Amino acid sequence: MPREERERVFEHFTRLDSARSREHGGTGLGLPIALAIAQGHGGTLTVQGSDDLGGARLVLRLPLLQFNAAGHGICRCSRRA
């Protein structure tokens, strides 16, 4: 996937693969919905190149939730690997 096209996959109803029609593919809503869910949970969804396989690699990052002794979530903590 060309670098200049990567962010377009998050636009509603966008389909970059001209070989797939709406009859045989999707509607172009899956990745925008996934991005909204990731952001709603304090995370990110990014698209990167996948030179070894072609196409693109999507990376989902979500914050960790720490729990207190009573088992209640107390904070979302960023952690980079």
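Which pattern does the protein follow, read along the sequence? The answer is α-β-β-β-β. This is a predicted model, in which local features need pLDDT of at least 70, side-chain atom pairs count only at pLDDT 80 or more, and totals for chains, interfaces and linings use all residues. Residues are numbered from 1 along each chain as its sequence is written, and side-chain values use heavy atoms, with hydrogens and water left out.

**View 1. The secondary structure comes to one helix and four strands.** Helices (H or I, at least four residues) and strands (E, at least two) are DSSP runs, numbered from the N terminus. Of the 81 residues, 16% count as buried, meaning under 20% relative accessible area with a 1.4 Å probe, protein chains only.

**View 2. Strands β1 and β2 pair in the antiparallel sense.** Strand β1 covers residues 44-49 and strand β2 residues 56-61, with six bridges in the pairing; two strands pair if DSSP finds at least two bridges between them. T44 has R61 in β2 as its bridge partner. Six residues lie between the strands of this hairpin, where G54 takes a positive phi near 80°.

**View 3. The largest nonpolar core has six residues: V9, F10, L35, A38, L45 and V47.** Such a core is a set of buried Ala, Val, Leu, Ile, Met, Phe, Trp, Tyr and Cys residues joined through side-chain atoms within 4.5 Å. Helix α1 (30-40) and strand β1 each supply at least two residues of this core.

**View 4. A38 is in contact with G43, T44, L45, L60 and L62.** Neighbours of A38 within four places in sequence are left aside. Contact means heavy atoms within 4.5 Å.

How values were computed
Buried means under 20% relative accessible area, exposed over 50%, partly exposed in between (1.4 Å probe, protein chains only).
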